[in-house]
Amino acid sequence: MNSEKVTFAFFIVLALTLNFGFFVGEMNDPGQHNVYELFAAIVVSLISTVLKVGDRSHLGAVFLATSLVADLQLIAAAVVWGMTTSVFGGVLDGASLATVVSLSGGALLANFISVALLVSDTIAVRR
Amino acid sequence: MQNPVYTLFRRLRSPLIVLILVYAVSIIGFVLIPGIDDKGQPWEMSFFHAFYFVSFMGTTIGFGEIPYAFTDGQRFWALITMYATVISWLYGIGVMLSVFQDPVFLNQLKKKSLIRRIKNIREPFYIICGYGDTGSQLTQLLSKEGILSVIVDPEIDRINELETDDFLVPPLSLCADASQSEVLQMAGIEHPWCKGLITIANDDNVNLTVAIVAQLLSPDLRLIARAETPEAEANILSFGANEVINPFETFASRLALAFKTPGLYCLYDWMTGESGKQMKEPPCLADGLWLICGFGRFGRSLYDHLDDEGVKLRIIESDRSHRDIPSGSIIGRATEAPTLKKAGIDEAAGIIAGSDNDANNLSIILTASELNPDLYRVIRQSSDKNSHLFENAAHEMLMHRGSIISNTIFAFIRTPMLGDFLRIVSRFNNDRASELVSKLIGVVENDEPKLWEFGVTSKDSPALYKALQDRPILVGDILQGITQYGSQERDKPISAMPLFMKRDKGNILLPEDSRNIRAGDRILMCGTQQSQHHMDQVLSNHQTLENVLHGREVSSSLFWDWLIKRKSSD
């Protein structure tokens, strides 16, 4: 067992699960999407990006790319959230929340690709 | 090759993670800790405000602007996070600075930029492996000629020395072992503009390995190698090197030529010697006893070559245990008068101080001159640094290993046909050689002679190439003088003579004036600097060529053509 691999897989999977947790629920119901979960998803996603940077393998490059996509989507979601609540008016209405959730849905897809790659890589390495 | 950016990020991984975590915890703290707004109502910081506050706190910018004054709980948390964020920033910056000071990382950066520069070269260049005395002389010569070189040497001291040297065309340098194929690829051996590889390391084995690797990587590349033993020379030649230069053999065979055919000696000495020098008078080497001091690689080469010419030789060698010394040799120090006397210095015609120690060689020559002032003195110089000493010591001929190699290689680079020409000429007898030398002297007269070559191609000689498609042109035609405007007579013919011509696989030595020029020929010329310039004009300028061929001014425009035609028909 390699502790580096454990950390790596831990953060990748955690990024996916947190993202998923935020994503599920009615698109426009503010009660079903927790802002803390979005924050945690962003932080974990950033950490997993840093873990992937500097990997020279071809797979590492794809990991980095998917992770960067997830970061971009999540940060965009957070910016939309912050802009609506703090800059325009202060109430998160259904339409803005739908934008935030759909952006995080895109990040979810990217994170899912990361995990799929991780699993396929693990299977490829026999024993 | 590892990308330095990856190295940087790998090292920065933990500081970055620490930074992200510290920020995350600080932001969460500010969001959770309750505050009070200006009206005394409970107020909670949003993520937006918390991130804003932590950002300017962490970077120590410290705006005073906060939505509402902090409660004591918030101040408490701010106090903790203030230190935490500053420390994590300092940690990250510290790691980054240490990466940038790491010699390994810097070396990677340097290599990376060098590879990029080599990739972007858009002019012909040569790769030189080994930057010792010879390498630096050769690089100097090439840069004076405006030729770029890429230098590979494993020793960092030499590369540093190179960077401080002054060059007209600064060479690119790579500190690495050239016998690795990866390094040669980095140096651009497969680059389309790479004209050749020159391997002149001190160690024959290195040269051999480099030559093999180069041959495998790009078989068509021009390869010039240095070798100091006959075995290595034969070995490198066997797998397709274009030229192998063995300084000892080269000098010994020249000296033998000086005995047999002094004319040829002159020719060789001038063509492969320092450029821009006048041709010397043939040396006058008397028959009689010749003393060779030192029986190392140089002494042995000398002995073999001179013995073949029937010169009476005697070896003086200080090492008693030396094997296969010819019979009749004197064992002792040649620097001492008694040894020299014993060897018969009084009746000797010449002495060759050929040990590998410069001080000993100088001492031998000084002692010998005192004992017998009429001696012909040949002295060997090993180190570049002693040049001024050797200039002051009286001698008739100097053997400097580094200059022999660098000058010969330079001559072969400037005029690649020279190697084949000299090989053919070496079979000349003395009369024929002297005739050639006096012809050359007749052509260049008192000027500095110069060698150059050109191909009859659309690139090298566009005007000639084009004209050849309409009518046959002879060698003599293009050497004729220009007719000045309004004059009826030609100027003097260009003072140059063709030495050698290559047509497909065939060689034509000293092509006569009546020989046809064909497209694709390559011609080696000898003349003066000025005549080379004239010839360039004739070969590349359509008008000048027509002038030379027809003996009259030819205009370039239709109108002038018409005018001239009308005038001549009147």
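C526(B) is buried, its relative accessible area being 1%, where buried stands for under 20% relative accessible area, exposed for over 50% and partly exposed for values in between, with a 1.4 Å probe and protein chains only. The structure is a predicted model, in which local features need pLDDT of at least 70 and side-chain atom pairs count only at pLDDT 80 or more, while totals for chains, interfaces and linings use all residues. Residues are numbered from 1 along each chain as its sequence is written, chains are lettered from A and ligands numbered from 1 in the order in which they are written, and side-chain values use heavy atoms, with hydrogens and water left out.

The closest cysteine sulfur to that of C526(B) belongs to C266(B) and lies 13 Å away, too far for a bond. A disulfide is taken as a pair of cysteine sulfur atoms within 2.5 Å, and by this rule the count over all chains is zero. C194(B) is accordingly in no disulfide, the nearest cysteine sulfur being that of C129(B) at 9.7 Å; C194(B), with a relative accessibility of 8%, also counts as buried.

Helices (H or I, at least four residues) and strands (E, at least two) are DSSP runs numbered from the N terminus. In chain B, the axes of helix α1 (residues 4–32) and helix α2 (residues 47–58) come within 9 Å and cross at roughly 130°, the axes being lines fitted to C-alpha atoms over the stretch in contact, with angles from 0 to 180 degrees between N-to-C directions. This makes α1(B) oblique to α2(B), since angles under 35 degrees count as roughly parallel, over 145 as roughly antiparallel, 65 to 115 as roughly perpendicular and the rest as oblique. With contact defined as heavy atoms within 4.5 Å, Y23(B), S26(B), I27(B), I28(B), F30(B) and V31(B) of α1(B) meet residues of α2(B) including F47(B), F51(B), F53(B) and V54(B).

Most residues other than glycine have a negative phi. D504(B), although not a glycine, has a positive phi of about 50°; D504(B) is found in the loop between β17 (496–503) and β18 (506–509) of chain B and, at 75% relative accessibility, counts as exposed. L510(B), likewise not a glycine, has a positive phi of about 40° and is placed in the loop between β18 and β19 (516–517) of chain B, where L510(B) counts as partly exposed at 21% relative accessibility.
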